Amino acid sequence: MPRRAGGGGRAAASHLLFFDAARRTRQTGAMDAIRHYFLAQLAEQEAEAARHLGDGYWTDSRTGRNVRLDELQAIGAMKAIALDPRPGEEDAHIYLGRLLADLDDVANRFRAAAPDPDGYGIATIGTVARRLAAFDPSARCRSAP
């Protein structure tokens, strides 16, 4: 019996639906990994800021200003980034690219508006952005680059 071009009928359609669902599941898992990694980076930066508060080395002897204030302002600005995927962000690389673009916007606004005399706030944003840019969502368990 001759085969028809493009045949396969219901079985082929079912097979394609299975692979499409599997791809969506992988992408969702990758986006979750990106989101969790981003939040872990914020938590790490908060912990570092807390360490700076308790150490006089990080306080300007002339002004009494501790760099923790700048770091916490930067962390607060990054926490304002929407972490839910937007329409059209079904691909983890698109989602990651948008988060990186949002971090760049946060950095630009922070530079323009926040008092950051020693640059620790902008450095905090830069650290998170560099680590996120180097993150491989397909590698589930990774340490920070």
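**Figure 1. Met-78 and the residues around it.** Setting aside neighbours within four places in sequence, Met-78 is in contact with Phe-38, Leu-42, Leu-103, Val-106, Thr-124, Ile-125 and Val-128. Please keep in mind that this is a predicted model. Met-78 is also one of the residues of α2 that meet α4, and it takes part in the contact of α2 with α3 as well. If you are looking for a residue to start from in this structure, Met-78 is a handy landmark for the views below.

**Figure 2. The whole chain, for orientation.** How many helices and strands are there in the chain? There are 4 helices and 0 strands, and from the N terminus on the elements run α-α-α-α. The chain has 145 residues, of which 32% count as buried. Taking contacts between residues at least 6 apart in sequence, 64% join residues that are at least 24 apart.

**Figure 3. The largest nonpolar core.** This core has 25 residues, and the members that touch the most other members are Ile-34, Phe-38, Met-78, Leu-103, Ile-125 and Leu-132. Two or more residues come from each of α1 (9–53), α2, α3 and α4. Which helix gives the most to this core? That is α3, with 8 residues.

**Figure 4. Helix α2 against helix α4.** Two packed helices are described by the angle between their axes and the distance between the axes. Here α2 (residues 68–79) and α4 (residues 120–134) have axes that come within 7 Å and cross at roughly 45 degrees. The two helices are therefore oblique to each other, and their crossing is right-handed. On the α2 side you will find Asp-70, Glu-71, Ala-74, Ile-75 and Met-78, and these meet Tyr-120, Gly-121, Thr-124, Ile-125 and Val-128 in α4. Sorted by type, the residues of this contact are 6 nonpolar, 2 polar and 2 charged.

**Figure 5. Helix α2 against helix α3.** Now turn to the partner on α3 (residues 92–113), where the axes of α2 and α3 come within 10 Å and cross at roughly 135 degrees. That angle makes α2 oblique to α3, and the crossing is right-handed. From α2, the contact uses Asp-70, Gln-73, Ala-74, Ala-77 and Met-78, while α3 supplies Leu-103, Val-106 and Phe-110. These residues divide into 6 nonpolar, 1 polar and 1 charged.

**Figure 6. Helix α3 against helix α4.** Are these two helices roughly parallel or roughly antiparallel to each other? They pack at an angle of about 170 degrees, with their axes 10 Å apart, and are therefore roughly antiparallel. In α3, Leu-96, Leu-99, Leu-100, Leu-103, Val-106, Ala-107, Phe-110 and Arg-111 meet Gly-121, Ile-122, Ile-125, Val-128, Ala-129, Leu-132 and Ala-133 in α4. By type, the contact holds 13 nonpolar residues, 1 polar and 1 charged.

**Figure 7. Ala-107, a buried residue of α3.** Ala-107 lies in helix α3 and is buried, with a relative accessible area of 7%. Not counting residues up to four places away in sequence, Ala-107 touches Ile-122 and Ile-125. Ala-74 is 33 residues away along the chain, and the C-alpha atoms of Ala-107 and Ala-74 are separated by 8.2 Å.

**Figure 8. Ala-49 in helix α1.** Is Ala-49 buried or exposed? Its place is in helix α1, and at 0% relative accessibility Ala-49 counts as buried. Leaving out neighbours within four places in sequence, Ala-49 is in contact with Arg-68, Glu-71 and Leu-72. Ala-49 and Leu-72 are 23 residues apart in sequence, and 6.9 Å apart in space from C-alpha to C-alpha.

**Figure 9. Thr-59 in the loop between α1 and α2.** Our last stop is Thr-59, which lies in the loop between α1 and α2. At 28% relative accessibility, Thr-59 counts as partly exposed. Apart from neighbours within four places in sequence, its contacts are Gly-64, Arg-65 and Asn-66.

Conventions. Residues are numbered from 1 along each chain as its sequence is written. This is a predicted model: local features need pLDDT of at least 70, side-chain atom pairs count only at pLDDT 80 or more; totals for chains, interfaces and linings use all residues. Side-chain values use heavy atoms; hydrogens and water are left out. Axes are lines fitted to C-alpha atoms, for helices over the stretch in contact, and angles run from 0 to 180 degrees between N-to-C directions. Angles under 35 degrees count as roughly parallel, over 145 as roughly antiparallel, 65 to 115 as roughly perpendicular and the rest as oblique. A crossing is left-handed if the near helix is turned anticlockwise from the far one by less than a right angle, and right-handed if clockwise. Contact means heavy atoms within 4.5 Å. Ala, Val, Leu, Ile, Met, Phe, Trp, Tyr, Cys and Pro count as nonpolar, Asp, Glu, Lys and Arg as charged, and the others, Gly among them, as polar. A nonpolar core is a set of buried Ala, Val, Leu, Ile, Met, Phe, Trp, Tyr and Cys residues joined through side-chain atoms within 4.5 Å. Buried means under 20% relative accessible area, exposed over 50%, partly exposed in between (1.4 Å probe, protein chains only).
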